[in-house]
Amino acid sequence: MLITAIEPRRKGLSALYLDGEFAVSLDTQTLLENRFDVGREVSDGELKDIIEKSGERRAKEKALWLISYRDHTKKELQDKLRRTCDAQSAEKAADRMEELGLVNDEQYAQRYARRLLLEKRLTRRAALFEMTRKGIDKQTAEEALGAVDVDYRDNIRAVIEKKYRSIGDEKTKRRAVAALQRLGYGWDDIRAVLEEYEEQ
C-alpha cells in the first residue's frame, strides 16, 4: 500500500491516506517518529504496528491529562481511558502510570479512607463499599480503613448538627434516623446519640 497523503487534523492527529483513500487517523508524533511519509510503501504489518503505537501514545497522553486534574485508582484510570482508547492501550497506559508512581492505589486508598470516614462521615462498611467500587482491592481498602481512628458517635453528632440542627419533633428525628442508617450507622449508636439530645 502506498501512502498518498497525510493531512493534519485536530488534537494532534493526522489523517493517513493509502492508495488515494482515507485509511485511519493517527497520532502525528507517532507518524513522524516512524518516518511515515508520502510516497512510502507500507505493509499490513507495518500499518497494524503504527496503529498500536499511535493508540498507546494517545492513551498515555490522556492518562497524564486525567491524573493532572485529580488522583485516580488504576482501575478507574483504565475505565476512563477505555472510553476513547482500545482496552490494550488503556491497560498499558495505566501500567506505565503505576510504574512511574503517578498512580498508587495504596496511597489513594489511605487518603480516600480518611475522606470517607472523617469528612463524609460514612461507616467502615459503607466506606469499604465505596472504595471497592472505585477499583481498590478489598484487602488494601480494609487496611486503609483500619488505619483511620474514628468515633462513630462523634460522626453521628456531626451529621445531626450539620443537617438537622435540632431534633425536637418526631418527624425530624425519623428523617435523621433514616439518613444515618443509609450512611451505614447501627441502631445502637444512633439511639445512644439521640438520647443525649433528648436529655439536653
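Helices are DSSP runs of H or I of at least four residues, numbered from the N terminus. Under that scheme, Ser54 sits in helix H2. The model described here is predicted.

The protein contains ten helices and three strands. Along the sequence the order is β-β-β-α-α-α-α-α-α-α-α-α-α. The radius of gyration is 26 Å, well over the 16 Å that the globule rule gives for 200 residues, so the protein is more spread out than a compact globule. The C-alpha atoms fill a box of roughly 85 × 30 × 20 Å along the principal axes. Of the 200 residues, 40% count as buried. Among contacts with a separation of 6 or more, 53% join residues 24 or more positions apart.

The protein exposes about 12,300 Å². Carbon and sulfur atoms supply 46% of that area. The side chains include 40 positive and 40 negative ones. The centres of these two sets lie 5 Å apart.

The largest nonpolar core comprises 32 residues. Met131, Ile136, Leu145, Ile156, Ile160, Leu180 and Ile190 have the most contacts inside this core. At least two core residues come from each of helices H5 (105–119), H6 (124–133), H7 (138–146), H8 (152–163), H9 (170–182) and H10 (187–199). Helix H5 gives the most, with six residues.

Beyond residues up to four places away in sequence, Met131 touches Ala109, Tyr112, Ala113, Leu116, Ile136, Ala141, Ala144 and Leu145. A further core, of twelve residues, lies apart from the largest one. Its members include Ala63, Leu66, Cys85 and Ala93.

Ile190 is another of the residues with the most contacts inside the largest core. Ile190 belongs to helix H10. Its relative accessibility is 0%, so Ile190 counts as buried, the cut-off being under 20%. Leaving aside neighbours within four places in sequence, Ile190 is in contact with Ile156, Val177, Leu180, Gln181 and Tyr185. Two of these partners, Ile156 and Leu180, are also listed with Ile190 for the most contacts inside the core. The C-alpha atoms of Ile190 and Arg153 are separated by 7.5 Å. These two residues are 37 residues apart along the chain.

Arg157 is placed in helix H8. At 23% relative accessibility, Arg157 counts as partly exposed. Beyond residues up to four places away in sequence, Arg157 touches Val193, Glu196 and Tyr197. The C-alpha atoms of Arg157 and Glu196 are separated by 9.7 Å. Along the chain, Arg157 and Glu196 are 39 residues apart.

Helix H2 spans residues 44–69. Ser54 and Tyr69 both lie in this helix. Ser54 is buried, with a relative accessible area of 4%. Tyr69, by contrast, counts as exposed at 62% relative accessibility. Setting aside residues up to four places away in sequence, Ser54 touches Leu26, Asp27 and Thr30. The C-alpha atoms of Tyr69 and Arg124 are separated by 27 Å. Tyr69 and Arg124 are 55 residues apart along the chain.

Backbone geometry was also examined. Most residues other than glycine have a negative phi. Arg35 has a positive phi, near 55°. Arg121 is found in the loop between H5 and H6. At 26% relative accessibility, Arg121 counts as partly exposed.

Conventions
Residues are numbered from 1 along each chain as its sequence is written. This is a predicted model: local features need pLDDT of at least 70, side-chain atom pairs count only at pLDDT 80 or more; totals for chains, interfaces and linings use all residues. Side-chain values use heavy atoms; hydrogens and water are left out. A nonpolar core is a set of buried Ala, Val, Leu, Ile, Met, Phe, Trp, Tyr and Cys residues joined through side-chain atoms within 4.5 Å. Buried means under 20% relative accessible area, exposed over 50%, partly exposed in between (1.4 Å probe, protein chains only). Contact means heavy atoms within 4.5 Å. The radius of gyration is taken over C-alpha atoms; the globule rule is 2.2 Å times the number of residues to the power 0.38. Accessible areas come from the Shrake-Rupley method with a 1.4 Å probe; for residues, only the protein chains shown count as cover. Lys and Arg count as positive and Asp and Glu as negative; His and the chain ends are not counted. The place of a charge is taken as NZ of Lys, CZ of Arg, CG of Asp or CD of Glu.
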